Amino acid sequence: AYAPIFGDGNILMVSPSREARSGSVQLTGHTRTPGIHDLGTNKTLSSLIPSETIFGPDIYPLIGVIERQDSKTMARTLIDFSPLLVAKGDFDRQLEDGDIVRLFSRQQIQGLQNPDQARVIEVGSADQDDEEPIDTATKSFLEERSVYVRGAVRNPGPWPVSEGASLEALIS
């Protein structure tokens, strides 16, 4: 016979950890509808971001990031997209189970331009401010996709953009 695992006076402690969810995608960042969403009803970016009404008031519309775990290598993959084009119905992408869709604010993107003021954290670190910091891997990903605006403009410097972003959208 087996000895009981628990007996009188034993205490079972369960510590919180990252939950494993199936059949869902997560929308985070500068949005009015953050959280876990059902993959069955949100199979594409356009169903998760149906219009500009889900954006926060200071959305950076030229780039968003899908964080996806590669099932073969278990590596974290980042995929860029334009939230503005998705909301206007001009771009779409299939979502996969476990995807995390990140939207950024202008303040977060401007923090990338001023490294002294930028707040960068490692993945998994806790932070208590309202504005979610950008982790180092995502920061590098955004910097690699930046175009430089120079000349007689209010905010010169690097601005991350996804494929399909127009010059008009970048200047505005």
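Me: Where is the place of Ser 82?
Reply: Ser 82 lies in the loop between β4 and α2 (83-87). Helices (H or I, at least four residues) and strands (E, at least two) are DSSP runs, numbered from the N terminus. The model is a predicted one, in which local features need pLDDT of at least 70 and side-chain atom pairs count only at pLDDT 80 or more, while totals for chains, interfaces and linings use all residues. Residues are numbered from 1 along each chain as its sequence is written, and side-chain values use heavy atoms, with hydrogens and water left out.

Me: Why does Ser 82 count as buried?
Reply: Buried means under 20% relative accessible area, with exposed over 50% and partly exposed in between (1.4 Å probe, protein chains only). Ser 82 has a relative accessibility of 3%, and therefore counts as buried. Of the 172 residues of the protein, 38% count as buried.

Me: With which residues is Ser 82 in contact, leaving aside its neighbours within four places in sequence?
Reply: Contact means heavy atoms within 4.5 Å. On that basis, Ser 82 is in contact with Pro 61, Leu 62 and Ser 162.

Me: In which sense does β1 pair with β5, and how does β1 run against β2?
Reply: β1 and β5 (residues 100-103) pair in the parallel sense over four bridges, and Gln 26 stands opposite Ile 100 in β5. Four bridges join β1 (residues 24-29) to β2, and these strands run antiparallel. A hairpin of five residues connects β1 to β2, and the bridge partner of Ser 24 in β2 is Asp 38.

Me: In what order do the five strands form the open sheet, and why do β2 and β4 stand at its edges?
Reply: The order is β2-β1-β5-β3-β4, with mixed pairing. β2 (35-38) and β4 (76-81) each have a single partner strand, so one side of each is left without a neighbour in the sheet. Neighbouring strands of this sheet are turned by 25 degrees against each other on average, direction ignored.

Me: Which strands does helix α4 lie across?
Reply: Helix α4 (residues 136-144) lies across β3 and β4, running at about 40 degrees to β4. Axes are lines fitted to C-alpha atoms, for helices over the stretch in contact, and angles run from 0 to 180 degrees between N-to-C directions.

How values were computed
Pairing = 2+ DSSP bridges.
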